[in-house]
Amino acid sequence: MERNEAYWFSVALSCSFLLSCLLFSALSRQQRAPYMDEAFHVPQAQAYCEGRFGQWDPMITTLPGLYLVSVGIVKPAVWLLGWSGSVVCSTGMLRFINLLFSVGNFYLLYLLLCKIHHKNKAVSSFQRILSTVTLATFPTLYFFTFLYYTDTGSVFFTLFEYLMCLYGHHKTSALLGFCGFMFCQTNIVWTLFCSGTVISQKLSEAWKTELLKKKEERRSSINGSFSELIKVLQFLAGYIMSLKNLTMLIILTWPYILLVTVFFAFVVLNGGIVVGDRSSHEASLHFPQLFYFFSFSLFFSLTHLVSSGKIGNFLHSVRRNLVWYSILTVISLCLIWRFTYAHKYLLADNRHYTFYVWRKVFQRHEIVKYILVPVYIFASWSFVDSLKSKSVFWNLTYFVCLFGVTVPQKLLEFRYFILPFLIYRLNIPMPSLSRLFFEMASYLLVNAISFHLFLNKTFQWSNSEEIQRFMW
């Protein structure tokens with residue numbers, strides 16, 4: 001990092017942390033008591049603070065990574081500062097843990113942007129810093145920085161795992177993956193992604209060699225050619241069937257394989273992936289989750305995915321491949337018809353934005369979910385098109401992991417989209433300064449609206465005296 005870049009990065013990080021501290025103070029004054037899922041997380045962490053590690057709330061579905069890390073940070077801190085009494089592991093103190101994680105996320109996002117785009121000499125230091133600030137304030141993630149939820153810590157360890165993977169420190173990466181798994185079990189998918197990243201790099205090298213042998217000058221990235229994809233899949237099958245190649249890949253990725261083995265052992269011993277309340281977190285084949293994710297990504301990447309040129313290219317692609325798009329439309333309609341689910345939490349809890357999205361859009365009329373198919377297809381095409389700079393093997397790895405982390409979820413919950421979105425956003429070509437400014441301005445606007453609603457637009461239920469607030 002050059003001196004000027006280091007200086008401006010420090011300024012950006014300091015200003016971001018100062019603003020977050022001010023918001024943290026305002027939120028903590030307005031909402032002192034645990035809110036929503038904090039009602040489960042805070043007492044559990046406080047039990048660990050008091051040394052009662054055998055106590056467990058059966059409503060909690062994740063492993064105790066958040067509570068163990070919290071105790072490991074809070075206990076030494078209060079001992080050094082000489083604090084005692086109610087301040088130790090108080091709601092405010094526990095929430096502050098996520099504020100510290102957010103600082104780590106800021107730094108990790110910057111390092112990842114530097115690593116992923118290091119070959120592109122046209123990317124300026126200002127673009128990297130502005131991209132970091134933008135991603136660090138990504139609304140769905142940034143909101144939960146101020147509550148005692150698992151998301152901020154989960155993102156921290158997963159991004160750290162990905163960074164170490166890119167630098168080739170695979171044992172360290174797998175260890176960090178285990179930490180991420182302890183925050184949220186579905187993070188095992190991103191361990192598979194890291195392993196797939198290593199494998200895809202080797203496959204890309206072998207594929208280029210194969211093309212050179214055949215004296216074919218073709219790109220190894222997705223270019224919309226179905227015949228090329230078939231050839232790539234045939235090459236992939238042949239490569240993996242080689243015992244020598246398979247042995248090499250196992251040697252390269254054994255730390256990840258070990259962690260995945262531990263995961264499967266946990267699932268067998270636990271009787272499922274969920275730790276506590278399984279009745280409300282059943283796995284399903286909820287294929288429309290992919291459509292929701294692409295629409296979510298389209299909304300938050302509007303400046304990158306929507307332009308007159310993009311729309312023109314999409315329409316041209318439809319005209320050239322009308323039969324394939326027709327088949328895709330029919331498949332999409334069938335998946336929506338057969339596999340659309342409305343979780344009881346989605347229908348009953350009017351504190352979440354998803355409740356209003358579902359009621360105002362999808363429940364307006366039965367036909368609405370089918371009318372949206374063209375939007376889903378455009379969002380999917382734009383999403384895939386933005387990743388065409390990545391190798392076909394990287395794309396296969398990413399989309400398999402995207403499927404694994406979204407489709408089994410029955411509940412439509414925007415928090416489930418945070419990590420796949422960040423991984424995607426980190427890997428698209430670096431946007432221009434004008435697009436970055438527009439993206440950051442839109443994120444800040446969404447954050448301002450979200451915090452305004454949470455802090456100032458409270459309401460009450462008829463059967464409860466507790467103050468209710470709108471949130472992601």
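**Close-up views of a predicted model**

**View 1. A salt bridge between two buried partners.** Arginine 351 and aspartate 349 are both buried (under 20% relative accessible area, where exposed is over 50% and partly exposed in between, with a 1.4 Å probe and protein chains only). Their side chains meet in a salt bridge, 2.8 Å from N to O (a side-chain nitrogen of Lys or Arg within 4 Å of a carboxyl oxygen of Asp or Glu). Please keep in mind that this is a predicted model, in which local features need pLDDT of at least 70, side-chain atom pairs count only at pLDDT 80 or more, and totals for chains, interfaces and linings use all residues. Residues are numbered from 1 along each chain as its sequence is written, and side-chain values use heavy atoms, with hydrogens and water left out.

View 2. The structure holds 11 salt bridges. One of them pairs lysine 310 with aspartate 385, whose closest N and O atoms are 2.9 Å apart. Lysine 310 belongs to helix H14 (residues 308-320) and aspartate 385 to helix H19, so this pair ties together parts 75 residues apart in sequence (helices are DSSP runs of H or I with at least four residues, strands are runs of E with at least two, and both are numbered from the N terminus). Lysine 310 is buried, at a relative accessible area of 13%. Glutamate 366 and lysine 369 form a salt bridge too, with 3.0 Å between the closest N and O atoms. Lysine 369 is buried, at 16% relative accessible area. Shared partners join Asp37, Asp151, Glu413 and Arg415 into one salt-bridge network.

**View 3. Helix H1 beside helix H4.** The axes of H1 (residues 3-30) and H4 (residues 91-116) come within 11 Å and cross at roughly 155° (axes are lines fitted to C-alpha atoms, for helices over the stretch in contact, and angles run from 0 to 180 degrees between N-to-C directions). The two helices are therefore roughly antiparallel (angles over 145 degrees; under 35 is roughly parallel, 65 to 115 roughly perpendicular and the rest oblique). Among the residues making the contact are Phe9, Phe17 and Phe24 of H1 and Phe96, Phe106 and Tyr110 of H4 (contact means heavy atoms within 4.5 Å).

**View 4. Histidine 117 in its loop.** Histidine 117 sits in the loop between H4 and helix H5 (125-136). This residue is buried, with a relative accessible area of 9%. Beyond neighbours within four places in sequence, histidine 117 is in contact with Leu426, Ile428, Pro429 and Met430.
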